[in-house]
Amino acid sequence: MTLESLFGLASKRALIVGNGKVAMAIADLFHAAGAEVKRGLAPDFSEGGIDSLFAALGEIDILVNAAVRGGPWPLEELSMDEWDRVHAVNVRGAFLLLRAAVRNMRGHGRGGRLINISTIGSLHP
């Protein structure tokens, strides 16, 4: 049995966002399962940046958002600038990616899959 026969991703187009090990592993797995994989390693997480990313892609069937930005901890050492940078990727960026993917998938009429990867990196003993 092959990954392609198990997962049936042949003819699917996937956008994998993020430059960490998890994103790379998912991209490799999806490719081995037959998907055409596009990477958004570290996109501009502004509205214009995400719109440009999707305009260059064409149609997609799968979005995997594995872009995660951590911050310095403990909390009392976190500056407002760093707080804004963390949320620009982890919250605003996730929203912009999901919105653009939904518009893309509704536009081609086949639907698709939206996958967000998060972290438990903020949990400390």
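Analyst: A salt bridge here is a side-chain nitrogen of Lys or Arg within 4 Å of a carboxyl oxygen of Asp or Glu. R13, E36 and K38 are linked in a network of such bridges, and the structure holds 7 salt bridges. This is a predicted model, in which local features need pLDDT of at least 70 and side-chain atom pairs count only at pLDDT 80 or more, while totals for chains, interfaces and linings use all residues. Residues are numbered from 1 along each chain as its sequence is written, and side-chain values use heavy atoms, with hydrogens and water left out.

Helix α4 covers residues 80-108; helices (H or I, at least four residues) and strands (E, at least two) are DSSP runs, numbered from the N terminus. α4 bends by about 40 degrees at A88, the bend being the angle between axes fitted to the seven residues ending there and the seven starting there.

The E82 side chain meets that of R85 at 2.8 Å, N to O; R85 and E82 are 3 residues apart in α4, about one helical turn. R85 is partly exposed, at 39%. E82 also pairs with R69, at 3.4 Å, N to O. R69 lies in the loop between β3 and α4, so this pair ties together parts that are 13 residues apart in sequence.

Just after α4, G109 takes a positive phi of about 80 degrees. R110 forms a salt bridge with E59, the closest N and O atoms being 3.0 Å apart.

Notes
The expected span of a helix is 1.5 Å times one less than its number of residues. Buried means under 20% relative accessible area, exposed over 50%, partly exposed in between (1.4 Å probe, protein chains only).
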